[in-house]
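Keep the sequence and the structure open while reading.

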Amino acid sequence: MPLLSIDFPSWISPEIIPGFPVRWYGLMYVFAFATAFIVYRKQIKERKFPMTDDSLSSMFTWGIIGLIVGARLFSTLFYDTSGLYLKKPWLIFWPFQDGRFTGLQGMSYHGGAFCCLLAIVIYTRIKKIDFREAGDMFAASIPLGYTFGRIGNFINAELYGRVTTVPWGMVFPERTTETFSVDIDWAREIAVKTGTEISGAMVNLPRHPSQLYEAFFEGIVLWGIIWFFRNIKPFKGFLIGLYFLGYGFFRFFIEYFREPDKHLGYRFEIVKTDLPTAFAHPLLSFSTGQIFCFIMMLFGAAWLFFASRLPDREPIRIYDGANEANKEEEARAEAARERNQRRKLRKKLK
């Protein structure tokens, strides 16, 4: 039987240069921030928004700090069950383990999103910048950068999905994935369906490449939707709500294809199940990520309701500058017509 899955590319390695502590995942963060910065700067220019490059750099610095702090805090508070960080909270932001540089391992995007938003609120209030317009431009910039983060997860062969029989299921390296005993009925059945070779007591089964699902839907597709609405938004702050709603929606459903954290499983089960998390995700069982996504969607909907009723709701539109130029052109044409009429009148009087 032909292999009905894809092997993880053997040439992909988490390290850019073997033996050096520089990894593709960290570089993906650099690409993500740079992409978001470029897209944001483009919006400033096309809207003629009153913000200098220095102010933009400062605001991004605040946002990045908020993102890292929030992502790390949420990860240690809601995803860590060892109790280590409660006993030794200084380790939350300590990037070394056993004398080796490991970076900040474990980040929660939901925490990063909320704390980044808080950082931008604080910065714009201090600098007296229109938060709703600044936030909308962030919403139209972040998803495209987020794509690189999920590509980094794929390169690390981490945060993969559940076992699957779809033709694009991917067999991740055994160093990063869980193998299953061939004595388990469902594992043996999937191995047969996908043509996976069984050469021992354990078998490595194909998984949903959920990192790529997220990169596409939460990154590229969401960015495309928000970018489309950036100049037809009905009020200031609309894109902020659209981002939280859109991200929460896409991520909520993709979580059904992604295996929950092994040590957490499902945080909320309406109907209890004995099925292993690697094999199935019942419709009425919800992971930690899905709970946070639901909160994001509620926040997005509440913000849209609130922002639509705030005073000074009219947004800055790209074509405002073009309209002003047209008005100036019309004014010059009208002045020229008046001069011509005066000349004709003087000729008649003569």
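Where is the place of Lys128? Lys128 sits in the loop between α4 and α5, the latter spanning residues 131-139. Before going further, note that this is a predicted model. The backbone at Lys128 has a positive phi of about 55°, although Lys128 is not a glycine. Its relative accessibility is 74%, and Lys128 therefore counts as exposed, the cut-off for that class being over 50%.

Asp312 also belongs in this part of the account. Asp312 has a positive phi of about 55° and is not a glycine. It lies in the loop between α10 (288-307) and α11 (320-349). With 54% relative accessibility, Asp312 counts as exposed.

Ser108 is located in the loop between β3 (100-101) and α4 (109-127). Is Ser108 buried or exposed? Its relative accessibility is 3%, so Ser108 counts as buried. Apart from its neighbours within four places in sequence, Ser108 touches Ala71, Phe74, Ser75 and Tyr79. Arg230 is 122 residues from Ser108 along the chain, and the C-alpha atoms of the two are separated by 27 Å.

Ile198 is in the loop that runs between α7 (185-194) and β6 (202-203). At 38% relative accessibility, Ile198 counts as partly exposed. Once neighbours within four places in sequence are set aside, its contacts are Val182, Arg188, Ala191 and Val203. One of these, Arg188, is 10 residues from Ile198 in sequence, with 8.5 Å between the two C-alpha atoms.

The helices come next, starting with α6. How do α6 and α8 pack, and at what angle? Helix α8 covers residues 210-229, and its axis makes an angle of about 175° with that of α6, the two axes being 8 Å apart. That angle makes α6 roughly antiparallel to α8, since angles over 145 degrees are classed that way. On the α6 side the contact is made by Pro143, Leu144, Tyr146, Thr147, Arg150, Asn153 and Phe154. On the α8 side it is made by Gln211, Leu212, Glu214, Ala215, Glu218, Gly219, Ile220, Leu222, Trp223 and Ile226. By class, the residues in this contact of α6 with α8 are 10 nonpolar, four polar and three charged.

Helix α6, residues 142-155, also packs with helix α9, residues 238-254. Here the angle is about 30° and the axes are 12 Å apart. The helices α6 and α9 are therefore roughly parallel to each other, the limit for that description being under 35 degrees. The crossing of α6 and α9 is right-handed. In this contact Ile142, Pro143, Tyr146 and Arg150 of α6 meet Tyr243, Tyr247 and Arg251 of α9. The residues of the contact comprise five nonpolar, no polar and two charged.

Helix α9 has α4 as another partner. The axes of α4 and α9 come within 13 Å of each other and cross at roughly 175°. These two helices are therefore roughly antiparallel. From α4, the residues Tyr109, His110, Ala113, Phe114 and Leu117 meet Ile240, Tyr243, Phe244, Tyr247 and Arg251 of α9. The contact of α4 with α9 has eight nonpolar, one polar and one charged residues.

How many disulfides does the structure hold? The count is zero. A disulfide is a covalent bond between the sulfur atoms of two cysteines. For a disulfide, the sulfur atoms would have to be within 2.5 Å. Cys115 is partly exposed, at a relative accessible area of 22%. Cys116 is buried, with a relative accessible area of 9%.

Definitions and conventions:
Residues are numbered from 1 along each chain as its sequence is written. This is a predicted model: local features need pLDDT of at least 70, side-chain atom pairs count only at pLDDT 80 or more; totals for chains, interfaces and linings use all residues. Side-chain values use heavy atoms; hydrogens and water are left out. Axes are lines fitted to C-alpha atoms, for helices over the stretch in contact, and angles run from 0 to 180 degrees between N-to-C directions. Helices (H or I, at least four residues) and strands (E, at least two) are DSSP runs, numbered from the N terminus. Angles under 35 degrees count as roughly parallel, over 145 as roughly antiparallel, 65 to 115 as roughly perpendicular and the rest as oblique. A crossing is left-handed if the near helix is turned anticlockwise from the far one by less than a right angle, and right-handed if clockwise. Contact means heavy atoms within 4.5 Å. Ala, Val, Leu, Ile, Met, Phe, Trp, Tyr, Cys and Pro count as nonpolar, Asp, Glu, Lys and Arg as charged, and the others, Gly among them, as polar. Buried means under 20% relative accessible area, exposed over 50%, partly exposed in between (1.4 Å probe, protein chains only).
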